[in-house]
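This briefing sets out the fold, the packing and the charged pairs of one protein model. Please read it alongside the sequence and the coordinates.

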Amino acid sequence: MRRATVTPASTTAPAAGARTLPHPAREEIRLEAVLHALSDPVRLCVVRELAAAGAELTCSCFDLPVTKSTSTHHFRVLRESGIVQQTYRGTAKMNGLRRDDLDALFPGLLDRVLEAAAGQAVRLGEA
């Protein structure tokens, strides 16, 4: 009788059969795609909340003023532009900022956009 070989699951690679989502490699991230993604108020709100949390958040953590299908679209734009990394953990889709990649490619851009968005929120009484 053959014994099954058990190997520990990797914490960096998805398990066999796990759902994965396509993401651009660092060198494929384009400035115009990042700026386009950040130009939408809903997506900018998501990025601000992720930056404030400093950790991954599930899609359901965000109270967005749009339908679920529209929310899915916004998260897809953020992922495909290279702003967020999405990974499945069980049935939850986790979202994290790709801050290291963005800072390496466009030093200071994300920080300046977040500062400007915070200033605008104060100016408009939304903070």
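In H2, the buried residues are Val-42, Arg-43, Leu-44, Val-46, Val-47 and Leu-50; buried means under 20% relative accessible area, exposed over 50% and partly exposed in between, with a 1.4 Å probe and protein chains only. The model is a predicted one, in which local features need pLDDT of at least 70, side-chain atom pairs count only at pLDDT 80 or more, and totals for chains, interfaces and linings use all residues. Residues are numbered from 1 along each chain as its sequence is written, and side-chain values use heavy atoms, with hydrogens and water left out.

**More on H2**

- The buried residues of H2 pack against helix H1 (31-38), E1, helix H3 (68-81), E2, strand E3 (92-97) and helix H5 (109-123); contact means heavy atoms within 4.5 Å.
- H2 is made up of 13 residues and reaches 18 Å from its first C-alpha to its last, close to the 18 Å expected at 1.5 Å a residue; the expected span is 1.5 Å times one less than the number of residues.
- At the start of H2, the backbone nitrogen of Val-42 has a side-chain oxygen of Asp-40 within 2.8 Å.

**Overall fold**

- The protein has 5 helices and 3 strands, where helices (H or I, at least four residues) and strands (E, at least two) are DSSP runs numbered from the N terminus.
- Along the sequence, these elements follow the pattern α-α-β-α-β-β-α-α.
- Of the 127 residues of the protein, 30% count as buried.
- Among contacts with a separation of 6 or more, 65% are accounted for by residues 24 or more positions apart.
- The accessible surface comes to about 8400 Å², and 55% of this belongs to carbon and sulfur atoms; accessible areas come from the Shrake-Rupley method with a 1.4 Å probe, and for residues only the protein chains shown count as cover.

**Nonpolar core**

- The largest nonpolar core has 22 residues, and those with the most contacts inside it are Val-34, Val-46, Val-47, Phe-62, Leu-78, Ile-83 and Leu-102; such a core is a set of buried Ala, Val, Leu, Ile, Met, Phe, Trp, Tyr and Cys residues joined through side-chain atoms within 4.5 Å.
- The elements that give two or more residues to this core are H1, H2, H3 and H5, and H2 gives the most, with 5 residues.
- Leaving aside neighbours within four places in sequence, Val-34 is in contact with Ile-29, Ser-81, Ile-83, Leu-102, Phe-106 and Leu-109.

**Salt bridges**

- The structure holds 7 salt bridges, each being a side-chain nitrogen of Lys or Arg within 4 Å of a carboxyl oxygen of Asp or Glu.
- Glu-56 and Arg-89 meet through their side chains in a salt bridge (2.5 Å, N to O).
- This pair links distant parts of the chain, 33 residues apart: Glu-56 lies in the loop between H2 (41-53) and strand E1 (57-58), and Arg-89 in strand E2 (residues 84-89).
- Glu-56 counts as partly exposed because its relative accessibility is 32%, and Arg-89 is likewise partly exposed, with a relative accessible area of 46%.
- Arg-30 and Glu-32 also form a side-chain salt bridge (2.5 Å, N to O); at 47% relative accessibility, Glu-32 counts as partly exposed.
- In the salt bridge of Arg-98 with Asp-101, the closest N and O atoms are 2.9 Å apart, and both residues are buried.
- A network of salt bridges links Arg-26, Arg-98 and Asp-101.

How values were computed:
A polar contact is a pair of N or O atoms within 3.5 Å; within protein, one must be able to donate a hydrogen and the other to accept it, and residues adjacent in sequence count only if both atoms are side-chain atoms.
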